Amino acid sequence: MTVLLAVLVVGLGSLFLRLAPLLSTGRMPEKLTQAAGWAGLAVVAGISVRSVLLFQDRSVAGAPVLAAVSVAIGLVLAFRGRSVLVAVAVGGATYQVISAALAALT
Amino acid sequence: MYADLDTAIDGAVDRHETRPALSAGARAMLPILAAYAPLGLLVGAHVASSDNPVAAWLSTWLIYGGAAQLAVLDVLAHGSGWVAAAIVGLLVNMRLAAFATAMHPEWRSAPVRLRVAAALMLTDAPWVVARNRTHGQREERRRYYLGAAISLFVLWPLMVSVGVLVGGRLEAAPVTSLLLPLTLGAVIVPQLRQRPAAVAMVAASCTAALTMHLSAGSALALAGLAGALGGLVTERVP
C-alpha cells in the first residue's frame, strides 16, 4: 500500500508537471522559457555529477575518483562527436579495467 | 494573431514531407536506448526487490523517469514512508516542468492531442536529443522529438520488465551505477559548445557537488536554479 501510494502521488504530480506548461495556450515570456531550458540542462548535469560523487564500490579504494575519471573519459569522447553508446562503453570499460588492475595490485 | 500565424506556417510545412523527421528522431535515440538498457535492467532489479513489485512495476509508466523511479524505490526500501518517497520523487521530477516550459514556444500551436502525447512521453533523453537539433522547421522539430520520445516510451518499460526478471544479477556490478551519469552526460555534453549552456551546466555541477549531502530532490532543485541563473546572466554578457 505504501509503495502504491507513493507511486500514485509521484505519478499524478509528474503528469501535472509535464502537462501544465505544454497545455497552456498563452504566450510565455521568452526569458522564462529560456531560463527553463537552462534549468533543464542544469538538472540533467546535476544528476550526472551527483551520481558520480555518491558512487560506491567497496572493492576499490578511491572509487569516486576512479568513477569521475572514467566518466570524464567517456564524456570527452561524446564531446568530440562519438556516439552515446561509444562514450558509455568506453567510460564503463575504463572503470572496469582500472578497478580490476587496482584490485590485483592490492 | 500569433497562433493564427503559427498555424499557417505549420500548415505550409505539413505539405512538405515531415515523416522522415519522425524516423530521424527514433534513429537518434538508438544509441541512447542501447546505453539505457543496463539502466532499465537495474531499475527492474529495484522493482523486483520492492515490497510491492506490481505497484513498483506500474511506476515505470506512472512516474516514467528512471531517476525519480529509483529515488522513490530507494527511499521506500530504507523504510522512510510514502510521504518522504513522494516528496523526493516529485522534487526529482520537477525538472519535467522546466523541460515542458522550455518546449512551450515550439509546441504552443500544435494540436492538443499532440501536446498531450508530447507531455506524456517527456523525459530527459528525448528532450535533450530534440534540443540538440537546432535546424529544421518547427513541425519537423516536433516530429523529431516525437520520434525520439515514442521509441523510448515503447522500449523503456520493456527494459524494466526484463530487469524485473534478470536484473538482480546486474546489481552486484558497481559499474552499473555509472551508466546513468555516462548516458545522461554524453547526451548533454555537446551543448557545452554554447556559452550559456556551458555556464549553466558548470554552475549546476558545482552546486551538485556542494549539496551532495542533501536529499536528491533538494540538491537537484538548487542545481536547476543555479543553472538557470548562470545561463540567463551569461546571455546578457556580450
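1. Among the contacts in chain A between residues at least 6 apart in sequence, 32% join residues at least 24 apart. In chain B, the corresponding share, again among contacts between residues at least 6 apart in sequence, is 75%. Please keep in mind while reading that this is a predicted model, and that chain A averages a pLDDT of 90, with 100% of the residues scoring at least 70. Within chain A, the confidence is lowest in H4(A), where the mean is 90, and highest in H3(A), where it is 94.

2. Chain A is built with 4 helices and 0 strands, and its pattern, read along the sequence, is α-α-α-α. The radius of gyration of chain A is 20 Å, whereas the globule rule gives 13 Å for 106 residues, so chain A is more spread out than a compact globule. Taken along the principal axes, the box that the C-alpha atoms of chain A fill is roughly 60 × 45 × 20 Å. As for burial, 44% of the 106 residues of chain A count as buried.

3. Chain B has 12 helices and 0 strands, which gives the pattern α-α-α-α-α-α-α-α-α-α-α-α when the chain is read along the sequence. Of its 238 residues, 55% count as buried.

4. How many residues does each chain bring to the contact? Chain A brings 65 residues and chain B brings 90 residues. On the side of chain A that touches chain B, helix H1 (2-23), helix H2 (30-53), helix H3 (63-79) and helix H4 (84-105) of chain A each supply at least two residues, and H2(A) gives the most, with 23 residues. By residue type, this side of chain A divides into 40 nonpolar, 20 polar and 5 charged residues.

5. The largest nonpolar core has 115 residues, and those with the most contacts inside it are Ala6(A), Ala42(A), Val72(B), Ala200(B) and Ala204(B). Helix H2 of chain B, residues 19-48, gives the most to this core, with 13 residues.

6. Asn93(B) has its place in helix H5 of chain B, residues 81-93. Is Asn93(B) buried or exposed? Asn93(B) is buried, because 28 other C-beta atoms lie within 10 Å, and the cut-off for a buried residue is 20 or more. Leaving aside neighbours within four places in sequence, Asn93(B) is in contact with Val10(A), Ser14(A) and Leu17(A), as well as with Gly65(B) and Ala68(B). The C-alpha atoms of Asn93(B) and Met201(B), which are 108 residues apart along the chain, are separated by 18 Å.

7. Glu106(B) is found in helix H6 of chain B, residues 95-107, and counts as partly exposed because it has 18 C-beta neighbours inside 10 Å. Which residues is Glu106(B) in contact with, once its neighbours within four places in sequence are left aside? They are Arg138(B), Arg141(B) and Arg142(B). For Arg141(B), 35 residues away from Glu106(B) along the chain, the separation of the two C-alpha atoms is 8.4 Å.

8. In helix H7 of chain B, residues 112-120, the buried residues are Arg115(B), Ala118(B) and Ala119(B). These residues cover an arc of only 100° around the axis, which puts them on the same side of H7(B). The buried residues of H7(B) pack against H1 of chain A, together with H6 and helix H9 (138-166) of chain B.

9. One backbone detail deserves a careful look. Tyr64(B) has a positive phi of about 45° although it is not a glycine. For comparison, most residues other than glycine have a negative phi. Tyr64(B) lies in the loop between helix H3 (53-62) and helix H4 (66-77) of chain B, and Tyr64(B) is buried, with 23 other C-beta atoms within 10 Å.

Terms used
Residues are numbered from 1 along each chain as its sequence is written. Chains are lettered from A and ligands numbered from 1 in the order in which they are written. This is a predicted model: local features need pLDDT of at least 70, side-chain atom pairs count only at pLDDT 80 or more; totals for chains, interfaces and linings use all residues. The radius of gyration is taken over C-alpha atoms; the globule rule is 2.2 Å times the number of residues to the power 0.38. A residue is buried if 20 or more other C-beta atoms lie within 10 Å of its own, exposed if 12 or fewer, and partly exposed in between; C-beta atoms are placed from the backbone. Two residues are in contact if their C-beta atoms, placed from the backbone, lie within 7 Å. Ala, Val, Leu, Ile, Met, Phe, Trp, Tyr, Cys and Pro count as nonpolar, Asp, Glu, Lys and Arg as charged, and the others, Gly among them, as polar. A nonpolar core is a set of buried Ala, Val, Leu, Ile, Met, Phe, Trp, Tyr and Cys residues joined through C-beta atoms within 7 Å. pLDDT is the predictor's confidence in each residue, from 0 to 100. The arc is that of the directions from the helix axis to the C-beta atoms.
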